[in-house]
Amino acid sequence: QVQLVESGGGLVQPGGSLRLSCAASGSIFSINAMGWYRQAPGKQRELVAVSSGGSIMYADSVKGRFTISRDNAKNTVYLQMNSLKPEDTAVYYCKAEIAKYGSPWNAQDYWGQGTQVTVSS
C-alpha cells in the first residue's frame with residue numbers, strides 16, 4: 001500500500017506564512033510528479049503547484065508567494081506559503097504519481113487526506 005500524510009496546516013493571519021509537508025510511504029518504486037491542490041468551500045479543487053522531472057509549475061494566483069520543493073530521499077514534498085491572503089483559505093491536498101514495486105511501469109495517482117489552511121484576522 002501507498003500512503004500520503006500531510007501536515008502543517010492551521011490558522012494564520014493575513015500576510016503570515018505556513019509550511020505544508022507531505023510524506024509518501026509504502027511500497028514505492030518511484031515517484032514522478034508531486035504536487036499540491038486546494039479546494040475552498042463551494043469551489044472545485046484546483047492546482048496550486050506541481051513538481052515533475054525538474055520542472056515546476058504554479059497557479060497564477062500563488063506565483064511569487066508560494067514555493068514547492070521536494071526531498072526525494074524522504075519521498076516528501078513541501079509547500080512554503082508566504083504573504084497569505086484570506087482567499088488562500090482552503091483544504092490543501094497533496095498528490096503524487098507513484099509506481100509501486102511489482103508494477104514499476106504502472107504509475108498511479110495517490111492523494112493525501114487534506115489539511116485545512118485558514119487565513120483570517
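Predicted model: local features only at pLDDT ≥ 70, side-chain atom pairs only at ≥ 80, totals over all residues.

Entry: strand 4 and its partners.
I began with strand 4, residues 28-39. Which sense does its pairing with strand 9 take? I found it antiparallel, over nine bridges, with strand 9 covering residues 90-100. I then picked out Trp36 and found that its bridge partner in strand 9 is Cys94.

Next I turned to strand 5, residues 46-52, and saw that strand 4 pairs with it as well, in the antiparallel sense over five bridges. Here I noted that Tyr37 stands opposite Leu47 of strand 5.

Entry: the hairpin.
I checked the turn between strand 4 and strand 5 and found six residues between the strands.

Entry: the disulfide.
How many disulfides does the count come to? I got one. Cys94, already noted as the bridge partner of Trp36, is joined to Cys22 with an S to S distance of 2.1 Å; this counts as a disulfide because the two sulfur atoms lie within 2.5 Å. The link between Cys22 and Cys94 is left-handed, with -75° about the S-S bond. I also wrote down that the pair links distant parts of the chain: Cys22 sits in strand 3 (residues 18-26) and Cys94 in strand 9, 72 residues apart.

Entry: buried or exposed?
I looked up Cys22 and found 0% relative accessibility, so Cys22 counts as buried. Cys94 is buried too, with a relative accessible area of 0%.

Note on methods
Residues numbered from 1 in each chain as written. Heavy atoms only, no water. Pairing = 2+ DSSP bridges. Helix = DSSP H or I, 4+ residues; strand = E, 2+ residues; numbered from the N terminus. Buried < 20%, exposed > 50% of the residue type's maximum accessible area, 1.4 Å probe, protein only.
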